[in-house]
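Keep the sequence and the 3D view open while reading.

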Amino acid sequence: MRDAFATLQATLNDSCTPGNCAYFLGRVYDELDGLDAAMKADPKGPGHFPEPIKWIADLRRTLDGDRSFENLKKHQTLLIGTRDKINTWMQDHPDDYR
């Protein structure tokens, strides 16, 4: 769990810039996907992380299985917003990642 959150946090100082946008958005998606798996596998159980798991599920539903750059770009605000909400949630639960 700690490693998955750390790799998601590593995206906080990056952004969608020309030449980097496809990589960045794909990475944020991949890190959210990895964090989702880590939360579900955590010994505390997925019930300990209801909001972040729901937010990722909502994102997946919106993306509808299409993680092409065009679709990630179209939903960039939701993608980055999901990352940021999870970061804020985790900051309020430090014993889950420290």
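Are H3 and H5 roughly parallel or roughly antiparallel to each other? The model is a predicted one. In it, the axes of H3 and H5 come within 10 Å and cross at roughly 175 degrees. Angles over 145 degrees count as roughly antiparallel. H3 and H5 are therefore roughly antiparallel to each other. On the H3 side, the contact is made by Glu51, Pro52, Trp55, Ile56, Leu59 and Thr62. On the H5 side, Leu78, Leu79, Thr82, Lys85, Ile86 and Trp89 take part. By class, the residues of this contact divide into eight nonpolar, two polar and two charged.

**Helix H5 and its cover**

H5 runs over residues 76-91 and has 16 residues. From first C-alpha to last, H5 reaches 22 Å, close to the 22 Å expected at 1.5 Å a residue. Which residues of H5 are buried? They are Gln76, Leu79, Ile80, Thr82, Arg83, Ile86, Asn87, Trp89 and Met90. What covers them includes helices H1 (2-9), H2 (21-41), H3 (50-63) and H4 (69-74). An α-helix has 3.6 residues a turn, so residues three or four places apart point the same way.

Two packed helices are described by the angle between their axes and the distance between the axes.

| Pair | Angle | Axis distance |
|---|---|---|
| H1 and H5 | about 130 degrees | 11 Å |
| H2 and H5 | roughly 45 degrees | within 10 Å |
| H3 and H5 | roughly 175 degrees | within 10 Å |

**H1 against H5**

H1 and H5 pack at an angle of about 130 degrees. They are therefore oblique to each other. H1 passes H5 in a left-handed crossing. Phe5, Leu8 and Gln9 of H1 make the contact with Arg83, Ile86, Asn87, Met90 and Gln91 of H5. By class, this contact has four nonpolar, three polar and one charged residues.

H2 has 21 residues. Its span from first C-alpha to last is 30 Å, close to the 30 Å expected at 1.5 Å a residue. Among its buried residues are Cys21, Phe24, Leu25, Val28, Tyr29, Leu32, Leu35 and Met39. Glu31 and Asp36 of H2 are buried too. The buried residues of H2 pack against H1, H3, H4 and H5.

How do the axes of H2 and H5 cross? They cross at roughly 45 degrees and come within 10 Å. That makes H2 oblique to H5. The crossing of H2 and H5 is left-handed. In H2, Phe24, Leu25, Val28, Tyr29, Leu32 and Leu35 meet Gln76, Leu79, Ile80, Thr82, Arg83 and Ile86 in H5. The residues of this contact divide into nine nonpolar, two polar and one charged.

**Two buried residues**

Threonine 82 lies in helix H5. Is threonine 82 buried or exposed? At 2% relative accessibility, threonine 82 counts as buried, because the cut-off for buried is under 20%. Leaving aside neighbours within four places in sequence, threonine 82 is in contact with Leu32, Trp55, Ile56 and Leu59. Threonine 82 and proline 52 are 30 residues apart in sequence, but 8.2 Å apart in space, C-alpha to C-alpha.

Phenylalanine 24 is found in helix H2. With a relative accessible area of 3%, phenylalanine 24 is buried. Beyond its neighbours within four places in sequence, phenylalanine 24 is in contact with Thr11, Asp14, Ser15, Cys16, Ile80 and Arg83. Phenylalanine 24 and aspartate 14 are 10 residues apart in sequence and 7.3 Å apart in space, C-alpha to C-alpha.

**Two loop residues**

Aspartate 64 lies in the loop between H3 and H4. At 65% relative accessibility, aspartate 64 counts as exposed. Most residues other than glycine have a negative phi. Aspartate 64 has a positive phi of about 55 degrees, although it is not a glycine.

Alanine 10 lies in the loop between H1 and H2. Its relative accessible area is 43%, so alanine 10 is partly exposed. The C-alpha atoms of alanine 10 and threonine 88 are separated by 14 Å, and the two residues are 78 apart along the chain.

Key: Residues are numbered from 1 along each chain as its sequence is written. This is a predicted model: local features need pLDDT of at least 70, side-chain atom pairs count only at pLDDT 80 or more; totals for chains, interfaces and linings use all residues. Side-chain values use heavy atoms; hydrogens and water are left out. Helices (H or I, at least four residues) and strands (E, at least two) are DSSP runs, numbered from the N terminus. The expected span of a helix is 1.5 Å times one less than its number of residues. Buried means under 20% relative accessible area, exposed over 50%, partly exposed in between (1.4 Å probe, protein chains only). Contact means heavy atoms within 4.5 Å. Axes are lines fitted to C-alpha atoms, for helices over the stretch in contact, and angles run from 0 to 180 degrees between N-to-C directions. Angles under 35 degrees count as roughly parallel, over 145 as roughly antiparallel, 65 to 115 as roughly perpendicular and the rest as oblique. A crossing is left-handed if the near helix is turned anticlockwise from the far one by less than a right angle, and right-handed if clockwise. Ala, Val, Leu, Ile, Met, Phe, Trp, Tyr, Cys and Pro count as nonpolar, Asp, Glu, Lys and Arg as charged, and the others, Gly among them, as polar.
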